[in-house]
Amino acid sequence: MGVLVGGYYLAGSESREFEVTPWEVRGKVDYLRLAREFGVQLIDDNVVNTLRDLAGDVHYLIRRGYFYAHRGLDAILQRQRSGAKWALYNGRGPSADLHIGHLVPWILSKWFVDTFHVDYFFELTDDEKFLVKEGYTLEQTNRYAYENALDLIALGFTPDKLHIIVDTEDIKYLYKIAVKVGKKLTLSTIKHTFGFTDSTNVGAAFFPTLEISVAFLPTELYGEEVPVLIPTAIDQDPYFRLARDVAEDLGYPKPSTIYSKFMPGLTGEDKMSASNPDSAIYVTDDDKTIRRKIMNALTGGQPTAELQRKYGGDPDNCVVYKYHLLFQDSDVKVKEIYENCRAGKLLCGECKAMLFERISAFMKEHRERRERAKDNLEQYRISVKFK
Ligand code: SF4
């Protein structure tokens, strides 16, 4: 059995099969087991069907099981059915190494915004990166916040719906809530949940109150109950478990979450890793680099073309196929790749070339939109919309 030790999830702790924390993922993740141990619910047919009823369709990232678990998503869907207000929230610890896996939850957020016309609050935690990671100055993390904001805006959000919070600059929106949250959380809870020790700096220990505060911000801003839905990777669950624990005591609605798996590394890791640049495609990579990384990716193919034609490949254990699932929105094309691979009609080189075409087209549009976003970033700042 997995156990929680100092906030660290140690599945099969003796064999240390995998570890998941908000800052690190190691080993081969068993997602069903992780969901069970975290106590989150799986996204089942009921949830998918309710979402389809309300939205007319379900985004492929949910249909294909990349977003696979949740806390309280049904409560948000119930609000949507009854016409009650809700909002979206997620964010990022800004850094220079933004990769395309980081964009994926934001792509789902875009679908929620477009489908349900909800407001989207996005927190850039330039303070967190400075406090928790070694080697960053506050000036650096603040500069990265602006860089990462451009990548978010480039996905096509409009300023009337997207409200960007930069922690070190927009603290007035969060501080009163953070103080109330802080009073409800003991040091022992924070240490246990995040694996902090007596030598952790007190800034890092206070920081979770800020990430939790944004979950309650829409309720304060609108002066009525406005719960949030948070699309994020499952390693962020500890923050929002605490947020749900303190919400009602503070008179706020509990936040709901929808959790994704991790974007696999091209070189076979369960999560793209900054320590292995070839495992990830960064938004700053040029086409030549993207092509090289994709062409070197680990596949589920046979060792030779001849064997591939004879026995077919194994798309279920292929990183390239997983990327097709995440970046190819046509179900027909994905099915074709799967079946042709199994039947030996598709060779890995051709399949990788198709993936490169897809990602290269996505990145070309992304770069153009990102460039245009530089002229109007200010319009997205929360301070422009909420005084
Ligand atoms: Fe993977 Fe594509 Fe090769 Fe099949 S053909 S194993 S999906 S790279």
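Modeller: Happy to! In this predicted model, helix α12 passes helix α16 in a right-handed crossing. The two helices, α12 at residues 287-295 and α16 at residues 348-373, pack at an angle of about 150 degrees, and their axes are 9 Å apart. An angle over 145 degrees counts as roughly antiparallel, and that makes α12 roughly antiparallel to α16.

Now for the residues that touch. From α12 come Asp287, Ile290, Arg291, Ile294 and Met295. They meet a set of residues in α16, among them Leu355, Phe356, Ile359, Met363 and Arg367. Sorted by class, this contact of α12 with α16 has 8 nonpolar, 5 charged and 2 polar residues.

Let's turn to the aromatic rings, where the structure holds 22 pairs. The ring centres of Trp106 and Phe122 are 5.2 Å apart and the planes stand at 90 degrees, so this pair is edge-to-face. Trp106 sits in helix α5 and Phe122 in strand β8, 16 residues apart, and the pair links these distant parts of the chain. Both Trp106 and Phe122 are buried.

Tyr321 and Tyr338 have ring centres 5.4 Å apart and planes at 55 degrees, so their pair is tilted. Because Tyr321 lies in helix α14 and Tyr338 in helix α15, the pair ties together parts that are 17 residues apart in sequence. Tyr321 counts as buried, at 10% relative accessibility, whereas Tyr338, at 24%, counts as partly exposed.

Finally, have a look at Tyr89, Phe194, Phe196, Phe207, Tyr239 and Phe240, which form one aromatic cluster.

Key: Residues numbered from 1 in each chain as written. Predicted model: local features only at pLDDT ≥ 70, side-chain atom pairs only at ≥ 80, totals over all residues. Heavy atoms only, no water. Axes fitted to C-alpha atoms, helices over the stretch in contact; angles between N-to-C directions. Helix = DSSP H or I, 4+ residues; strand = E, 2+ residues; numbered from the N terminus. Parallel < 35°, antiparallel > 145°, perpendicular 65-115°, else oblique. Left-handed = near helix turned anticlockwise from the far one by under 90°. Contact = heavy atoms within 4.5 Å. Nonpolar A, V, L, I, M, F, W, Y, C, P; charged D, E, K, R; others polar. Phe/Tyr/Trp six-rings, centres within 6.5 Å; stacked < 30°, edge-to-face > 60°. Buried < 20%, exposed > 50% of the residue type's maximum accessible area, 1.4 Å probe, protein only.
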